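Visitor: I'd like to learn how to read a model like this one, feature by feature. Can you walk me through it?

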Amino acid sequence: TDGEASGNERKETMAGRPGPGECWEQHVWKVLQEKALDIKNNGPHLRDLVQDEKRCEKMQAEFDGILLDYSRQKMSLEIRTKLF
């Protein structure tokens, strides 16, 4: 019917233009899921990750004067780079 998208069509934005679809349909999302599962099952323990000072420094970001510290998250620098 008019206005409904099939599974193969791109979603439309409110302006009627094709949108990107759901984020979990994107290739980069699938890559991030695989990386997350790998670090969960095979990665180092969080207590070991927080001992790496260089990693901890690189896992920080500042936005509008607010420091965002991701160093206590079990993620690699590769994953952080893909997210930002």
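The talk below goes from the overall fold to single residues.

Guide: A word on the ground rules: this is a predicted model, where local features need pLDDT of at least 70 and side-chain atom pairs count only at pLDDT 80 or more, while totals for chains, interfaces and linings use all residues. Residues are numbered from 1 along each chain as its sequence is written, and side-chain values use heavy atoms, with hydrogens and water left out.

Visitor: Fine. How many helices and strands are there in the protein chain?

Guide: Helices here are DSSP runs of H or I with at least four residues, strands are runs of E with at least two, and both are numbered from the N terminus. By that rule the protein chain has four helices and two strands, in the order α-α-α-β-β-α along the sequence.

Visitor: And what share of the residues count as buried?

Guide: Relative accessible area decides that: under 20% is buried, over 50% exposed, and anything in between partly exposed, with a 1.4 Å probe and protein chains only. Here 14% of the 84 residues count as buried. As for the accessible surface (Shrake-Rupley method, 1.4 Å probe; for residues, only the protein chains shown count as cover), the protein chain comes to about 7,200 Å², with 50% belonging to carbon and sulfur atoms.

Visitor: Now the strands. How do β1 and β2 run, parallel or antiparallel?

Guide: Two strands pair if DSSP finds at least two bridges between them. Strand β1 (residues 60–63) and β2 run antiparallel, joined by four bridges. Gln60 has Asp69 as its bridge partner in β2, and Ala61 stands opposite Leu68.

Visitor: What sits in the turn of that hairpin?

Guide: Two residues separate β1 and β2 in the hairpin. Most residues other than glycine have a negative phi. Asp64, in the loop between β1 and β2, has a positive phi near 55° without being glycine. Asp64 is also exposed, at 69% relative accessible area.

Visitor: On to charges. How many salt bridges does the structure hold?

Guide: A salt bridge needs a side-chain nitrogen of Lys or Arg within 4 Å of a carboxyl oxygen of Asp or Glu. The structure holds one: Lys35 with Glu78, whose closest N and O atoms are 3.1 Å apart. Lys35 lies in helix α1 (residues 27–42) and Glu78 in helix α4, so the pair ties together parts that are 43 residues apart in sequence. Lys35 is partly exposed at 28% relative accessibility, and Glu78 is partly exposed at 40%.

Visitor: Which side chain of opposite charge is nearest to Arg55?

Guide: For charge, Lys and Arg count as positive, Asp and Glu as negative, and His and the chain ends are not counted. Arg55, found in helix α3 (residues 53–58), is buried yet has no salt bridge; its nearest opposite charge is on Asp52, 6.1 Å away.

Visitor: What does the side chain of Arg55 reach, then?

Guide: Look for polar contacts: pairs of N or O atoms within 3.5 Å; within protein, one must be able to donate a hydrogen and the other to accept it, and residues adjacent in sequence count only if both atoms are side-chain atoms. The Arg55 side chain reaches the backbone oxygen of Gln73 at 2.8 Å and that of Met75 at 3.1 Å.

Visitor: Where is Gln73 found?

Guide: Gln73 is in the loop between β2 (66–69) and α4 (77–83), and it is partly exposed at 43% relative accessibility. Contact means heavy atoms within 4.5 Å. Leaving aside neighbours within four places in sequence, Gln73 is in contact with Leu46 and Arg55.
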